[in-house]
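Welcome! Take a moment to look over the sequence and the model below, and then we can walk through a few of its details together.

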Amino acid sequence: MTAEKRIGLYFGTFNPIHVGHLILANHMVEFSDLDEVWLVVTPHNPHKKKKTLLDDIHRLAMVRIAVEDYPKLKASNIEFDLPQPNYTVDTLVYLEEKFPGTQFCLIMGEDNLKGFHKWKNYEVILERHKMYVYPRISEGTVATAFEDHPRITKVAAPIIELSSTFIRKGIKAGKNIRPMLPHSVWTYLDEMNFYK
């Protein structure tokens, strides 16, 4: 019997995807026991204002071109067809049904782990899925229950303090932010005149 494929799900609005996202996704797949990492483009995060979001289709296109040269990284639009607002627990149920024999794991920053107890059905998520946590500089503390949890693996990934918000503001201000984006993504943004 073949071992289950283990896929890490890295959720984000990717508005736009930048080198920090790629470095983290690649680090997770190369330095953990994950077989692949799927960058799941979130259509609309209930906690974010939608007006600053580029259309789903453009954000997905940028993720696709960003991961072209990375065979273990995949762009995913799995949440596009799910009812909105969508919750991670529902996406996981949907994926388990759609891809039997695949083990789906969550990838999240330590900042998100600090608020994980507020997620819808977080106990169910932890019961059924492993979590891979990368370090982030942030306020607050991780709940004791999550500190040495057998299903939570801390991965010593590089700490990257680069945000899509910073990039969008930089573009709007006419700054050269090219080093912060994969070349193909920068070209796409520039040609489409996005965030200006």
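## Charged pairs

Arg136 and Asp111 form a salt bridge, with their closest N and O atoms 3.7 Å apart. Arg136 sits in the loop between strand 5 (131–134) and helix 6 (144–147), while Asp111 belongs to helix 4, so this pair ties together parts 25 residues apart in sequence. Arg136 is partly exposed, at 31% relative accessible area, and Asp111 is also partly exposed, at 27%. Keep in mind that this is a predicted model.

The structure holds 11 salt bridges. One of them joins the side chains of Glu30 and Lys72 at 3.2 Å, N to O. Here Glu30 comes from helix 1 (residues 19–30) and Lys72 from the loop between helix 2 and strand 3 (73–76), 42 residues apart. Another joins the side chains of Lys154 and Glu110 at 3.6 Å, N to O. Lys154 lies in strand 6 (residues 152–154) and Glu110 in helix 4 (residues 110–114), so parts 44 residues apart in sequence are tied together.

## Helix 8 and its faces

The buried residues of helix 8 are Val185, Tyr188 and Leu189. Seen down the helix axis, they fall within an arc of 95°, so they line one face of helix 8. His183 and Glu191, on the other side, are exposed. Helix 2 (56–67) and helix 7 (164–172) are among what covers the buried residues.

Phe194 is found in the segment after helix 8 (183–192). Is Phe194 buried or exposed? Phe194 counts as buried, because its relative accessibility is 13%, under the 20% limit. Leaving out residues up to four places away in sequence, Phe194 touches Leu54, His58, Ile171, Tyr188 and Leu189.

Conventions. Residues numbered from 1 in each chain as written. Predicted model: local features only at pLDDT ≥ 70, side-chain atom pairs only at ≥ 80, totals over all residues. Heavy atoms only, no water. Helix = DSSP H or I, 4+ residues; strand = E, 2+ residues; numbered from the N terminus. Buried < 20%, exposed > 50% of the residue type's maximum accessible area, 1.4 Å probe, protein only. Contact = heavy atoms within 4.5 Å. Arc of directions from axis to C-beta. Salt bridge = Lys/Arg side-chain N within 4 Å of Asp/Glu carboxyl O.
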